[in-house]
Amino acid sequence: MKAALSSSLSFLTRYPTRLFSSVSSKPQLIPSLQASKDADLISQILLQHHNPFHSMESSLQLHGISLNSSLLHQTLLRLHNFSKVAFAFFSWSKTQPGYVPDAMTYNIVIDSLGKVRQFDVVWQLVVEMDQLGVKPETTTFRVVIRRLICGGFTRQAIRAFEDMGCFVEDNVACFDFVFLLDTLCKYRYVKVATEIFNKKKFEFEVNERMYTVLIYGWWKINNRKMAERFFGEMIEVGIQPNVVTYNVVLNGMCRRRSLHPEERFERTVQEARRVFDEMRERGVEPDVTSYSILLHVYSRAHKPDLSLDMLKMMKSEGICPSVASYTSVVKCLCSCGRVEDAEELVKEMGCNGVTPSAVTYNCFFKEYRGRKDADSALALYRKMKGISLSLPSMHTYNILIGMFVKLNKMEIVKEIWDDMKVSGAGPDLDSYTLLIHALCEKEKWKEACHFFVEMIEKGILPQKVTFETLYKGLIQSDMLRTWRRLKKKLEEESITFGSEFEQYHLKPYRR
């Protein structure tokens, strides 16, 4: 890469991919990943040696390490994608003299198990908390609700919300209700969210957050009529839309519409301008997010010059572009083949004190992938890795793995895969799915079977299509014996894993 790009790598951090948040992220559901050499060591020991055929004690060998809540949290976060190993470590921690896991520890484990739909165990743990005097918190129920909705169990999520008051010490607040609505809308269950809002809105004081969430949900499923209806209702009941509400409207209007042919692009920009005018008429000043949404329109329409002009206009009006603003322009420049201009813009970000994110650099990786430019992609990746192995995001790793597998550069895939493990970022379900499907395409059946078994042993639930792809490929390649051995291995794993946690109602990891 050019010096311009490498000089700004030191500023790289992560940032949220959503341009706005209709609900505050506080209080935190689970803690963030922090540097911890002990947690790195423990998680690596467990991932390298623990599997369903060995007891925790034989692989852990931690007799000299003093367990505390912070260490337990950080280790479990590193094992978050490996629910079986995480659950085994959590269960082992409860057997240690004088140590009782706190509510946050339970939150992390519940989130990990909810991710693979082990909801029977999730509820056992909630009851266990209550029995052990570790009072479940509202954050515990938010974790449960989020995972239930993510898994498609909306009615159970609503029931969990209704049962929350029986477990938590504090009264169920308006914020908890907003969280339920927001999560339903985020996963496109806006009709369910609207139903529960109409049913319970008299129990809570209706506010702009509730309406903003519902407007967001209807825009998300591209139902403009309902979004406008709730916007109108919001004003009718005397609640004034704020800048977040208008950003939701702008986001829905601009991001979910085709911008081709040119007339559609022009119409979208004109509508966005009218929203800007209405905001000012109501005394709501557009913020950096408002302009970033419009920048994203220019980016999607492949208008690099208009994007750069908008960026200059923002600065001239005293609005400091955010990392999201810059990233939209970088993405546009890269997709239009103007990589050198994008590199200069990244350098400008650093000079202006704006920290480029992993998402910013992913724009370059995607362009290199399209060009099949393995050398440039690898050079940028190794420079990022040289600064800090935690810099690439999970999405960065997956982009690179997919790219190098297709280019049949398996030695580089191995390097990236090993780095991903050491960093603690993954691998996750997407990583395994991507790699297994790519190996199947290349008829590398032995390697595909190896990673398939590994993901199940570590508690990552394969998608049905992965199972079917592997099965059909082995049968069509006349490898019935390999399939039978794989099937037997999975059955043994299921039985052994069940006996390891016989006190809990764990189900086999199947779809």
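**Entry 1: helix H24**

I looked up which residues of H24 are buried, and I found Ser-431, Tyr-432, Thr-433, Leu-435, Ile-436, His-437, Ala-438, Leu-439 and Cys-440. I take buried to mean under 20% relative accessible area, exposed over 50%, and partly exposed in between, with a 1.4 Å probe and protein chains only. I note that this is a predicted model, in which local features need pLDDT of at least 70 and side-chain atom pairs count only at pLDDT 80 or more, while totals for chains, interfaces and linings use all residues. Residues are numbered from 1 along each chain as its sequence is written, and side-chain values use heavy atoms, with hydrogens and water left out.

I then checked the extent of H24, which runs over residues 429–441 and has 13 residues. Its span from the first C-alpha to the last is 18 Å, close to the 18 Å expected at 1.5 Å a residue; the expected span is 1.5 Å times one less than the number of residues. Helices are DSSP runs (H or I, at least four residues), numbered from the N terminus.

I asked what covers the buried residues of H24. The cover includes helices H22 (394–406), H23 (410–423), H25 (445–457) and H26 (464–476).

I examined both ends of H24. At the start, a side-chain oxygen of Asp-428 comes to within 3.2 Å of the backbone nitrogen of Asp-430. Just after the helix, Glu-443 has a positive phi of about 60°.

**Entry 2: salt bridges**

I searched the whole structure and recorded 24 salt bridges, each being a side-chain nitrogen of Lys or Arg within 4 Å of a carboxyl oxygen of Asp or Glu.

I inspected the salt bridge between Asp-40 and Arg-78, whose closest N and O atoms are 2.6 Å apart. This pair links distant parts of the chain, with Asp-40 in helix H2 (residues 37–49) and Arg-78 in helix H4 (residues 69–78), 38 residues apart. Asp-40 is partly exposed at 34% relative accessibility, whereas Arg-78 is buried at 7%.

I turned next to Arg-147 and Asp-111, whose side chains form a salt bridge (2.8 Å, N to O). Arg-147 belongs to helix H8 (residues 138–150) and Asp-111 to helix H6 (residues 103–115), so the pair ties together parts 36 residues apart in sequence. I found Arg-147 buried, and Asp-111 likewise.

I also noted a salt bridge between Lys-135 and Asp-130, with the closest N and O atoms 3.1 Å apart. Lys-135 is partly exposed, with a relative accessible area of 32%, and Asp-130 is partly exposed with 32%. Finally, I recorded one network, in which salt bridges that share partners join Arg-382, Lys-385, Glu-415 and Asp-419.

Methods:
Helix = DSSP H or I, 4+ residues; strand = E, 2+ residues; numbered from the N terminus. Contact = heavy atoms within 4.5 Å. Polar contact = N/O pair within 3.5 Å; in protein donor to acceptor, adjacent residues only side chain to side chain.
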